[in-house]
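Morning, everyone. I have one structure to show today. Please take a look at it first.

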Amino acid sequence: MPSLFATTLSFVVLKLELFAIYIHSASGRFMPGGKRFGQLKATVSTSRSPLCQQSRTPRNGSPSIGTVRQTISSLLTIPQLYHIPIPRVPIFNAMGFEILFFAYLVSALGLQYLNIYKLNFHVVDVHLVTFILIFLSRRLIWNILKQTLASEILFTVKYFLGLIFKAVIFLVVICTLTWLLWKLFQHNSIQNCLFLLYPIVMYLCAFGFTLDPQGNKVMFKISPHVEISQIHLIPTRTMEKKAFQNGDARQELIGKPNCTLPPDAVRYEAECLRTDFNSRIKQVLFQSLLCAYFVGFLPMRFSEQHHVYYDLWWACQQILFIWLSSLLVLMMYMLPLTYCDALHKCAVHLGGWERYTCGHRETPHVWSPLTVWPQGVLVRHNKLLYKGLGIHNVAIPGDPHHSRFFFMFESPLRLINWMSASLLALVLYQLVLIIRCHFWYQLLSVVGMLSFNYVILYRILRDRWALQGVLAQKETRD
C-alpha cells in the first residue's frame, strides 16, 4: 500500500509539471499581428493610469469593462479645426431687395399679359391687375412700415405721427383690396373669385395666424440679444464664439486660429441652425409659389370670360420661369454667403457617421455624448457599429437630422453649386428658346425673363468664385 500511494503521488506531481510547462509555452505564442500575448498583457496593464486603477470596481473578481473603454477613448488623438474667414462680398439690403423683386414681378406680370392678350389690352380686367399689383407690393409696403419707426424714440411727437401714418396706410390698403374684391365678385364667377382667396388658406396652413412669418426668430442661448434670423447678424453667430459653461454660455470672440466647442454646444447649435434653415426654405418655397400663382396663373384663369385664344403651353412655361426665377432670387437673398459659411462651419464641428457593415468587428469604443471622436474611428451605439466621417464627430450616430445636415453642408460650395447649376440650366434653356421663337411676343417674354436671370447668375457666380478662391488658399496652406 505505501508503494502504491507513493506511485500515485509521483504521477500527480508529473502531471502538474507538464501542465505548468504547457501554460508557460502558451503565454509565449504570437498573435496574428505579430505581438505576444504576454507583451499585450504587459502593455495594457502599464497603459492604465493610477486613477483608473483606483476607480476600478471589481465584480466577481473581474475588472470593469467600462473603465478600460474610457481609458482607450481618452488616448484618441483629436486634430484641431481651423476656419479661414470668407471674403465680405456686398449683399442686398432689405429695402433694395424688395424694390428689385417688386420690379421683377411687375415686369413678369406685364410679359404674361402680353403672352395672353398680345396687343388687345382694352379687354384686360383693370380691377384684377390693380388687385394683383397691390398684393405683390405687400412685402415692400410691410418693409417700409417696419422701418418707419425703427430708430425713433418712444413717446415723442414724431413717434406718434409715425404710428398714425402706419395706421392710415394699412387702412387704405385694406379698404382698396376690399373694394377691388367686391368689383371682381360682381363681374366674375364665384369659382374665379375663390381662386383669389385660395392663397389665404395656404398661408394659414404654412405659417398660422401671424402677419410676419419672418418674425419667427430662432434664439441662441448665448446672449439675450443674439439671433440668427436677421441676415446682418449672421456673421456674429455662435460658431465664432466659445463656450457653454454650466449650461450658460459666455460670448467670447475667438482670438486663436483654431476653433473648439464642446459637443453639447455643437449639437445645440446644429439644431438651431437646422430649424432656422428649414424655416427659411419654407418661406422661400411659399413666396415663390405665391408669385407664380398671382403673376402667372391668375391672368390665365380670368382670361376665360373674354374668350381669348393664346398659346397655353407657352403661358404655362412662363409660369414655370416665374417660379424658378423667384425661387432662386429668394434663396440668394435668404441664404447669403455668410449664412452658408456658418452652416458649413457647424457641419464641420458636428461631423457624421455611417454604418460599418464589414462584419461584426469588435471595438473598445462606445459612443459617448461628451466625447469628440476623430475621423475613421469605430464606435458602437445601440448595438450597431458606426464609422466617423468628419474631422470632428459629435453627432448622434443614426440620427437622420444630423446625417442630412452633415451631408448638405459638409462642403461650403454644395448649396451654391446646386443654385448655380439650376440657374445655368434655366438660362441655357431660355437661350435655346430665343433661337426657336417664331412670334415677337414670345421673344419679348423670354428676353425679359432672361435679363433678370443674368443679374441673379452674376451674383451667385461671384459668391461662388470668391468662396472657391478662399478654399483653394486653404488647401495651399495645408
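I'll go through a helix contact, some aromatic pairs and one more helix.

Keep in mind that this is a predicted model.

Start with two helices. Helix 10 covers residues 263–302, and helix 13 covers residues 400–409. Their axes come within 11 Å and cross at roughly 75°. Angles from 65 to 115 degrees count as roughly perpendicular, so helix 10 is roughly perpendicular to helix 13. Who makes the contact? From helix 10, we have R267, A270, L273, R274 and F277. From helix 13, we have H401, H402, F405, M408 and F409. By class, that contact has 6 nonpolar, 2 polar and 2 charged residues.

Now the aromatics. The count is 19 aromatic pairs. Take Y104 and F452. This pair is stacked, with 4.1 Å centre to centre and 15° between the planes. Y104 sits in helix 5 and F452 in helix 15, so the pair ties together parts 348 residues apart in sequence. Y104 has 4% relative accessibility, so it counts as buried. F452, at 10%, counts as buried too. Both belong to one aromatic cluster, along with F92, F97, F101 and Y333.

Back to helix 13. F405 and F409 form an edge-to-face pair, 5.0 Å centre to centre, with 65° between the planes. They lie 4 residues apart, about one turn of the helix. Both are buried.

Last, helix 12, residues 337–350. Is this helix mostly covered or mostly open? Mostly covered: 14 of its 14 residues are buried. Helix 12 reaches 20 Å from first C-alpha to last, close to the expected 20 Å.

Terms used:
Residues are numbered from 1 along each chain as its sequence is written. This is a predicted model: local features need pLDDT of at least 70, side-chain atom pairs count only at pLDDT 80 or more; totals for chains, interfaces and linings use all residues. Side-chain values use heavy atoms; hydrogens and water are left out. Axes are lines fitted to C-alpha atoms, for helices over the stretch in contact, and angles run from 0 to 180 degrees between N-to-C directions. Angles under 35 degrees count as roughly parallel, over 145 as roughly antiparallel, 65 to 115 as roughly perpendicular and the rest as oblique. Contact means heavy atoms within 4.5 Å. Ala, Val, Leu, Ile, Met, Phe, Trp, Tyr, Cys and Pro count as nonpolar, Asp, Glu, Lys and Arg as charged, and the others, Gly among them, as polar. The expected span of a helix is 1.5 Å times one less than its number of residues. Buried means under 20% relative accessible area, exposed over 50%, partly exposed in between (1.4 Å probe, protein chains only). Rings of Phe, Tyr and Trp (its six-membered ring) pair if their centres lie within 6.5 Å; planes under 30 degrees apart count as stacked, over 60 as edge-to-face and the rest as tilted.
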